[in-house]
Amino acid sequence: MTKKTVFCSKHIATMQVGQPYGMIENGAVAMDGSSIVWVGPQSEIPSPYTDWPQVDFGDRLITPALIDAHTHVVFGGNRAVEFEMRLNGATYEEIARAGGGILSTVNGTRAASEQDLLAGALPRVDTLLAEGVSCIEVKSGYGLDTETELRMLRAARRIAQERPVRVKTSFLGAHAIPPEYSGRGDAYIDDVCIPTLRAAHAEGLVDAVDGFCEGIAFNPAQIERVFKVAQELGLPVKLHAEQLSNLGGARLAASYGALSADHIEYLDAEGVAGMASSGTVAVLLPGAFYTLHETQQPPVELLRAQNVPIALATDCNPGSSPLTSLLLTMNMGCTLFRLTPQEALAGVTCNAARALGLSDTGTIDAGLRADLAIWDVTHPTELAYRIGFNPLYKRIFGGVE
C-alpha cells in the first residue's frame, strides 16, 4: 500500500515559474508514494487530501531536493600534490603537459578495481546527500581504455544500488589523450573512444555522451566524430567547452541539441546565441574556477540576455575541483560569478534537471517525483548566503525519508 502524506510548512519554494522562488507561504505538499499529487496553500488543500496524515515542519523551508549535474566522483588516487604545484606557480596546462592532471588520475583509476572505485566514490556521494542532493551525474573519462571506462560506468551505476540517490551516467571517453596515444588523438578516437562508447551503450551504461573540447584535449572535429556516433545511438550529448580558450565547442554542442555546455568561461556571443536557439543549458562550475585561480568569468550577462538556462554543479573531481558541497557551490556562484541567490537555487534544482534531460524532478509540482529537502531556514536566500554551514533538516527521496 502506497504511503499518502501531506507535508505542511510556512515556506515552500516550489521553483516553478512565477513569483520569486515559486514561493508559497503556509503551503502544503501532498504525496502519494513516490509522487507529488498536489501543492498549494494549506487553506486550499482539496479533498481527499485533507484526510491524509499530515507532517507539519513549522517555520522551516521546503525546496526541491538538489541536483548535482556535473561530477567526476568515480576515480582512483588523488592529486593533492598538484594543489601544491599550482600554489607554487604551475598552470593547469603545464601540469597536464608534464603528465599530471587528468593523466595522473588515469593511472590511479586503471589500477583500481570496480569495488575500489565504488568504495572511493561513496564517501563523496554521502557528503552530497547530506546536503539534500537526490540526483547526481557521474562521468567516466579517467580510464581512456575500454576496460577501465566500462569499469567506471559500472561502478557509477552501482552507487544507486548502495545509496538512495538517482545516478545519471555520462560517457566521457573523449576526456584526454592517454600516453599510449600521445600525438595521435584521431587514432585514439577511432581505436578506443568510439568502440568503447558502442560497448558501453550495448551494456546499458550510458545516459549521455560528453567530451573535453580544448587545446590540451580534443578539437571540435574530433568531438564531432564522437557526437555523430552518439546521435546514431540515440544518446544526448553535452560538452566541456570554452574552459581555457574559445574553440567553438559550445556552438558545436548546440548544433547537436546538446543538453548542456559546461565551464564556458571563454564563451562568446555567437556561442551564447547557439545555446539559446537549441535550449542548451549553461552549467557553470565555480569550484574549478576557484581552484585553478581563473580570472576569465563566464558571460553571465550574455546568458541572461539570451535567456539561456544557468545551472551550477560541483564538478567534483580529484584535480581541478575537489569539491563535494553543492551548498558551497551555490555561494561560489553568487560571489564569484555574481549570480543571484534565486539563480543559484534554480541552478541546482530546475535548471540542473534540464541539464540532465530530466522532466520529472527539479521543481515541486503535481506529477513529479517527491524528491524534497527540508531546511532549518526561513528563506531560500540563506542557502546561498552561508559559507560552510549545512542547514538541512531532512531529505526526502521518492517520498521516503
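Modeller: Residues are numbered from 1 along each chain as its sequence is written. Because the model is predicted, local features need pLDDT of at least 70 and side-chain atom pairs count only at pLDDT 80 or more, while totals for chains, interfaces and linings use all residues, and side-chain values use heavy atoms, with hydrogens and water left out.

Colleague: Thanks! How many aromatic pairs does a search of the whole structure find?

Modeller: Rings of Phe, Tyr and Trp (its six-membered ring) pair if their centres lie within 6.5 Å; planes under 30 degrees apart count as stacked, over 60 as edge-to-face and the rest as tilted. Searching the whole structure this way gives a total of 8.

Colleague: What kind of aromatic pair do Phe-7 and Phe-57 form?

Modeller: Their centres are 5.0 Å apart. The angle between the planes is 85°, and the pair is edge-to-face.

Colleague: How many residues apart in sequence are the parts that Phe-7 and Phe-57 tie together?

Modeller: Helices (H or I, at least four residues) and strands (E, at least two) are DSSP runs, numbered from the N terminus. Phe-7 lies in strand β1 (residues 4-13) and Phe-57 in the loop between β4 (54-56) and β5 (61-64), so the parts tied together are separated in sequence by 50 residues.

Colleague: Is Phe-57 buried or exposed?

Modeller: Buried means under 20% relative accessible area, exposed over 50%, partly exposed in between (1.4 Å probe, protein chains only). Phe-57 has 4% relative accessibility, so the word for Phe-57 is buried.

Colleague: The charged end of which residue sits over the ring of Tyr-393?

Modeller: A charge sits over a ring if NZ of Lys or CZ of Arg is within 6 Å of the ring centre and within 35 degrees of the ring normal. Ring pairs link Tyr-393 with Phe-7 and Phe-57 into a cluster. The charged end over the Tyr-393 ring, 3.6 Å from its centre, belongs to Arg-60.

Colleague: Which residue meets Lys-10 in a salt bridge?

Modeller: A salt bridge is a side-chain nitrogen of Lys or Arg within 4 Å of a carboxyl oxygen of Asp or Glu. Lys-10 lies in strand β1 and its partner in the loop between β4 and β5. At 3.9 Å, N to O, the partner is Asp-59.

Colleague: Which residue forms a salt bridge with Glu-147?

Modeller: Glu-147 is exposed, at 59% relative accessible area. With the closest N and O atoms 3.3 Å apart, the partner is Arg-151.
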